[in-house]
Amino acid sequence: MSVINLGPDPNLVYQPNRTPKSQRKDFRNFETGSVAEHVYNTYKLMHTNQNVDFVKRKHLEWSGCSHTEMSMMDAVMSLDQLVDESDPDVDFPNSFHAFQTAEGIRNEHPDKDWFQLVGLIHDVGKVMALWGEPQWAVVGDTFPVGCAFQNSIVFRDSTFQDNPDDTNPSYNSKYGIYKPNCGLDNVLLSWGHDEYLYRVLQFNKCSIPEEGLNMIRYHSFYPWHSQGDYMYLCNDKDLRMLPWVNEFNKFDLYTKAAELPDVKKLCPYYQSLIDKYCPGILKW
């Protein structure tokens, strides 16, 4: 397998100008602040319940896209009702974060309209939380199940004690049920909004390029794209996609700001992108 030299972590060498330098160190601070307790509790539930059996059940339950039908913009706007309990950086509805991310990408990549659309819709899979799924099965960082839980996972040392896979010899070795360099397509990640939206887009034959689909599918896989872990499961395709996922991540993370976008003004432009790449009424 070929190895790509990715250079330094792009999160450390570039962040959009809209984020003051004095505030950048505060992103993804899981240790302090008023949100720390409920963030920790969300991850504790996630790391207790997300195992191989659970993830397989969720794939069967949600991948058939038989829950409802609606347009992509309706799905985006439905996130007005959701505040992500796993995110230590924001306490406002997720729809505002969608437009913040999209506008950050639009500013830096004006020629890539599909990338801008990915910024808008990347969290839309969180609608599962509005349809009865607990947030620990929807939000937060993702991680592989079926192999050893690595120390790069947030709160690794204090939240996995009650997960049965952690002591199951079939699942708690380095490779577990996988083969070296099997490719992330063949790895079960903890169930959440990333995988769900990826499945929805595929089911509805949306025309977002492969790079954008991988941004959506793996943007919460922080142990991989930000910590450099689980590379032993990756194949050549994953290594080609990793720079794209990291390019997306810096907008997902560093465009969060207290100043909220004018959604009404922005909607017509982003509706035109939806009409181009995932038009009409979609099955969810």
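The structure is a predicted model, in which local features require pLDDT of at least 70, side-chain atom pairs count only at pLDDT 80 or more, and totals for chains, interfaces and linings use all residues. Residues are numbered from 1 along each chain as its sequence is written, and side-chain values use heavy atoms, with hydrogens and water left out.

The protein chain contains 13 helices and two strands, taken as DSSP runs numbered from the N terminus (helices, H or I, at least four residues; strands, E, at least two). Of its 284 residues, 58% are buried, that is, under 20% relative accessible area with a 1.4 Å probe, counting protein chains only. Among contacts (heavy atoms within 4.5 Å) with a separation of 6 or more, 81% involve residues 24 or more positions apart.

In soluble globular proteins, nonpolar side chains tend to be buried together. The largest nonpolar core comprises 82 residues, and Met-72, Leu-120, Ile-121 and Trp-284 have the most contacts inside it. Helix α13 (residues 263–277) gives the most to this core, with seven residues. Such a core is a set of buried Ala, Val, Leu, Ile, Met, Phe, Trp, Tyr and Cys residues joined through side-chain atoms within 4.5 Å.

Helices α7 (residues 113–121) and α10 (residues 210–218) have axes that come within 10 Å and cross at roughly 20°. The two helices, α7 and α10, are therefore roughly parallel to each other, a term for angles under 35 degrees. Their contact is formed by Trp-114, Phe-115, Val-118 and Ile-121 of α7 together with Glu-211, Gly-212, Met-215 and Ile-216 of α10.

Helix α9 (residues 193–203) is largely enclosed by the rest of the structure, because eight of its eleven residues are buried. These are His-193, Asp-194, Glu-195, Tyr-196, Leu-197, Tyr-198, Val-200 and Leu-201. The buried residues of α9 pack against α4 (52–62), α5 (72–78), α7, α10 and β2 (281–283). Just after α9, Lys-205 adopts a positive phi of about 55°.

Within helix α4 lies His-59, which is buried at a relative accessible area of 15%. Leaving aside residues up to four places away in sequence, His-59 touches Leu-188, Trp-191, Glu-195 and Arg-199. One of these, Glu-195, is among the buried residues of α9.

Note on methods. Buried < 20%, exposed > 50% of the residue type's maximum accessible area, 1.4 Å probe, protein only. Axes fitted to C-alpha atoms, helices over the stretch in contact; angles between N-to-C directions. Parallel < 35°, antiparallel > 145°, perpendicular 65-115°, else oblique.
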